[in-house]
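Morning, everyone. I have one structure to walk through today. Have a look at it first.

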Amino acid sequence: MGYSVEVTGKTGAQGVGLITCRSEFKIAVEAKCYADTVGNSAVQKAYAGIAYYRCDRCIVIMSGDFMTGARELAQSTGCQLIGGHQL
């Protein structure tokens with residue numbers, strides 16, 4: 001799809017595991033592989049990653065689903081959520 005991908009690393013990743021870039025457009029990506037639901041902390045981390053890595057937007061991708069609090073926070077911050085049913 002034309003994106004380059006940088007793995008930020010597990011320690012000190014400032015909330016995101018990947019930074020994707022195409023042209024000058026950067027996306028902070030937080031990925032989780034959980035069977036259960038994920039709360040708003042994943043959204044908080046991804047949103048913080050926008051500022052830290054100077055990204056244009058953020059996405060949280062996970063294998064399960066998101067709690068209501070995560071959905072509400074994502075809606076208010078503009079963070080895109082991609083759950084297991086979409087994968």
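Ground rules first. This is a predicted model, in which local features need pLDDT of at least 70, side-chain atom pairs count only at pLDDT 80 or more, and totals for chains, interfaces and linings use all residues. Residues are numbered from 1 along each chain as its sequence is written, and side-chain values use heavy atoms, with hydrogens and water left out.

Now the fold. We have two helices and seven strands. Those are DSSP runs, numbered from the N terminus: helices are H or I with at least four residues, strands are E with at least two. From the N terminus, the order is β-β-β-β-α-β-β-α-β. The radius of gyration is 12 Å, close to the 12 Å that the globule rule gives for 87 residues, so the protein is as compact as a globular protein of that length. That radius is over C-alpha atoms, and the rule is 2.2 Å times the number of residues to the power 0.38. The C-alpha box is roughly 35 × 25 × 25 Å along the principal axes.

What share of the 87 residues is buried? It is 36%. Buried means under 20% relative accessible area, exposed over 50%, and partly exposed in between, with a 1.4 Å probe and protein chains only.

On to charges. How many salt bridges does a search of the whole structure find? Two. The criterion is a side-chain nitrogen of Lys or Arg within 4 Å of a carboxyl oxygen of Asp or Glu.

One joins Glu-30 and Lys-32, at 3.0 Å from N to O. Glu-30 is buried, at 8% relative accessible area. Lys-32 is buried too, at 18%.

The other pairs Asp-65 with Arg-71, at 2.4 Å from N to O. Here Asp-65 is partly exposed, at 31%. Arg-71 is also partly exposed, at 39%.

Last, the backbone. Most residues other than glycine have a negative phi. Which way does phi go at Ser-23, positive or negative? Positive, about 60°, although Ser-23 is not a glycine. Ser-23 sits in the loop between strand E2 (18–22) and strand E3 (25–32). It is exposed, at 68% relative accessible area.

Arg-54 also has a positive phi, about 55°, and is not a glycine. Its loop runs between helix H1 (40–53) and strand E5 (57–62). Arg-54 is exposed, at 72%.

That's my tour. Thanks.
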